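The structure is shown first.

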Amino acid sequence: MKDSLKKLRIGVLMGGRSAEREISLKTGNAVLNAFIGMGYDAFGFDTDENFTENLKKIDICFIALHGTFGEDGRVQGVLDLFGIPYTGSGVEASAIAMDKIRSKVIFSYYGLKTPPFFLVVKDEDREGEVFKSKFGQFNPPYFVKPNSSGSSVGCSIVNSTGEELEQALNNAFKYDDEILVEKYIKGREIQFAVVSGKPLGCVEVKPKDVFYSYAAKYTKGQTEYLLDPILSKEEYDACESAAVNAHKLIGCKGVSRTDMILGGEGNAYVLEINTLPGLTEFSLVPMIAGNKGISFNELIENITIDAITKK
């Protein structure tokens, strides 16, 4: 299959228009350099005015976009129209996974544990009884985050209502008109990777910040990563089962990474699933793969071969 891949021209789509553009460029350049280093015919391109012209030049697309207009199914739809195979999940799974609230509804319906949550919309009357009743469903601390954004952009932990909550909502509304308010569950932060429906492994993240924030994710030394974290068999099985089931329920292809909290009682609470996890030097999937003896180059090749065989 690698010989067949060598005959194709690979386009690495990076950048995009989301708040995660900077991270996308890091992911894309890391992937592009890997392809070039392995002797593949590859080039990078963006979702700019030359986008459709560049699509005509490629045989397969490695999607290295993150966030809106890249991870939410829209680019995948364009590639489908052009008949170009691409890495990662398809239109439907990408759209559902990007929508944190709707994906949590699916998780809950099918019995996966996820923290209690509700939706707040931008034009909602914050003095109204409906708005107040939502926050009466469970007590703080709350985890406030934009519904369709990644990399923890716009996220806050809120310990009380009033001004602190107001600031957190206003910050999140900079990135989305829909906000997910979730009960904050204290526990161990486990990130579990799944490849083609099969578990790859996990890492425990221990940020110096109060949560795994944007700075904690992309600033060297701000987070401790524990590969092969100390987990009982029951705890590991709970995390693995949650990640594999989340991948299947959403209909993911290729690689996914499920973020979860392992509570003190041993329950794995799914927070969200990422259909285009980062591939930067600080990213978790390459760390997990490396811990399993899979080099970054092998990981990139495997993801691309999966796109050829599954699309």
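The sections below describe a predicted model.

## Annotated positions

An unreviewed UniProt entry lists Glu 20, Ser 151 and Ser 283 under "active site". These positions span 264 residues in sequence, yet no two of their C-alpha atoms are more than 13.7 Å apart, so they gather at one spot. Glu 20, Ser 151 and Ser 283 also belong to the lining of the largest cavity.

## Glu 20 and Ser 151

Glu 20 sits in the loop between β1 (9–13) and α2 (21–37). Its relative accessibility is 4%, which falls under the 20% limit, so Glu 20 counts as buried. Residues up to four places away in sequence aside, Glu 20 touches His 66, Gly 67, Ser 149, Gly 150, Ser 151 and Val 153.

Ser 151 lies in the loop between β5 (142–146) and β6 (156–158). Ser 151 is buried as well, with a relative accessible area of 9%. Beyond its neighbours within four places in sequence, Ser 151 is in contact with Glu 20, Ile 23, Tyr 214, Lys 217 and Tyr 218.

## The five-stranded sheet

An open sheet is formed by five strands in the order β10-β9-β8-β11-β12, with antiparallel pairing. β10 (223–227) and β12 (268–274) are the edge strands; each has a single partner, so one side of each lacks a neighbour in the sheet. From one strand to the next the twist averages 30 degrees.

Strand β11 (residues 255–262) is joined to β12 by six bridges. Thr 258 has Ile 273 in β12 as its bridge partner.

## Helix on the sheet

Helix α10 (residues 233–250) packs on this sheet and touches β8 (188–195), β9 (198–207), β11 and β12. The direction of α10 makes about 50 degrees with that of β8.

Note on methods: Residues numbered from 1 in each chain as written. Predicted model: local features only at pLDDT ≥ 70, side-chain atom pairs only at ≥ 80, totals over all residues. Heavy atoms only, no water. UniProt positions renumbered as here; feature names shortened; annotations may be inferred. 1 Å grid on protein atoms, 1.4 Å probe; cavity = no way out; pocket = protein on both sides within 12 Å on 5 of 7 lines; lining within 4 Å. Helix = DSSP H or I, 4+ residues; strand = E, 2+ residues; numbered from the N terminus. Buried < 20%, exposed > 50% of the residue type's maximum accessible area, 1.4 Å probe, protein only. Contact = heavy atoms within 4.5 Å. Pairing = 2+ DSSP bridges. Axes fitted to C-alpha atoms, helices over the stretch in contact; angles between N-to-C directions.
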